[in-house]
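Subject: Structure for your review

Dear colleague,

Please find below the structure I am handing over to you. My findings follow it, and I would be grateful if you could read them alongside the coordinates.

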Amino acid sequence: MQNVLNALRTLEEVAARRPVGVAELARALGLPKSSVQRALLTLHEAGWIRPTGEPVTRWVPTTKALRVGRSATGELGLRDVAVPVLEELRRRTDETVHLTVPEGGRVVLIERLETSRPVRIVLPLGQNLPLHASSNGKAVLAASPPEAVERYLADGLPRYTDTTITDPERLRAELAVIRARGYATNGGEWRSDVSAVAAAVVGGAGLPVAGISVNVPTSRMTETSRTAFGALVVEAAKALGAALEGC
């Protein structure tokens, strides 16, 4: 059983730190290098990870993990419906557009359309983002039932950067603003170089099923662009919600 747990933990760290080598993984996991190496070889043989080159020193996940995750949550159907909406949003903003889905106390990136600009935000598909420190996360949290918000707050609010909201009362106040305004913002709260604007996609049951965001380097986000992107992500989220209802 321990070997299985080590392999799963290793897979999660490879996905989070890609590309990554044995020494870095061993430090992150608190495991001997020999144990990490065995886990890597097992994952490679099973098709979950692959080396980045020769000689084999660093590893990245394959698309197998994403396929399995999408199948488990129905995300393939959501993505198919969402892509035209995302493409239109990217065309109108010329910035990187993300589609995320809620999963427990986080949101997970399942689709990314990139800007044509040379300076851009690149996150791997499958990236987990915290609810309180990302625009998609805050949008989803604001659209969630009050009891879900309180459960999340009860687990604590980890700090990621100097601008991360870690005070529950302050986060409750921001969620109220998001509900009134219709969209959430992130000013370098998860990564200082990443800023974004997002809106939640609400399903037929009145619960958030996804989040759509426009993501830019923090240095490129202005108050004017933030407001413009906010209107556009709200429009895109409503369009996707309507399209899902028609499926």
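Which element gives the largest share of the lining of the second largest pocket? Before the answer, please note that this is a predicted model. The element in question is β7, which contributes four residues to that lining.

The second largest pocket

The space in this pocket amounts to about 210 Å³. It is lined by 14 residues, and those closest to its centre are A143, G182, A199, A200 and V202. Two or more lining residues come from each of α6 (135-142), α8 (168-181), β7 (194-202) and α9 (223-245). Sorted by class, the lining consists of eleven nonpolar residues, one polar residue and two charged residues.

Two helix contacts

Two packed helices are described by the angle between their axes and the distance between the axes. I report both pairs below in those terms.

Helix α1 (residues 2-17) and helix α2 (residues 22-29) have axes that come within 10 Å and cross at roughly 115°. The crossing in which α1 passes α2 is right-handed. On the α1 side, the contact is formed by R9, T10, E13, V14 and R17, and these meet E24, L25, A28 and L29 of α2. The residues of this contact comprise four nonpolar, one polar and four charged.

For helix α7 (residues 146-154) and α8, the axes come within 11 Å, and the crossing angle is roughly 150°. This crossing is right-handed. Here V149, E150 and L153 of α7 meet P168, L171, R172, L175 and R179 of α8. By class, the contact of α7 with α8 has five nonpolar residues, no polar residues and three charged residues.

A backbone feature at D94

Most residues other than glycine have a negative phi. Against that background, D94 deserves a separate entry: its phi is positive, at about 50°, although D94 is not a glycine. D94 sits in the loop between α5 (75-93) and β3 (96-102). Is D94 buried, partly exposed or exposed? With a relative accessible area of 27%, D94 is partly exposed, since the partly exposed class lies between the 20% limit for buried and the 50% limit for exposed.

Yours sincerely

Terms used. Residues numbered from 1 in each chain as written. Predicted model: local features only at pLDDT ≥ 70, side-chain atom pairs only at ≥ 80, totals over all residues. Heavy atoms only, no water. Axes fitted to C-alpha atoms, helices over the stretch in contact; angles between N-to-C directions. Left-handed = near helix turned anticlockwise from the far one by under 90°. Contact = heavy atoms within 4.5 Å. Nonpolar A, V, L, I, M, F, W, Y, C, P; charged D, E, K, R; others polar. 1 Å grid on protein atoms, 1.4 Å probe; cavity = no way out; pocket = protein on both sides within 12 Å on 5 of 7 lines; lining within 4 Å. Points joined across faces, edges and corners; volume = space filled by probe spheres on them. Buried < 20%, exposed > 50% of the residue type's maximum accessible area, 1.4 Å probe, protein only.
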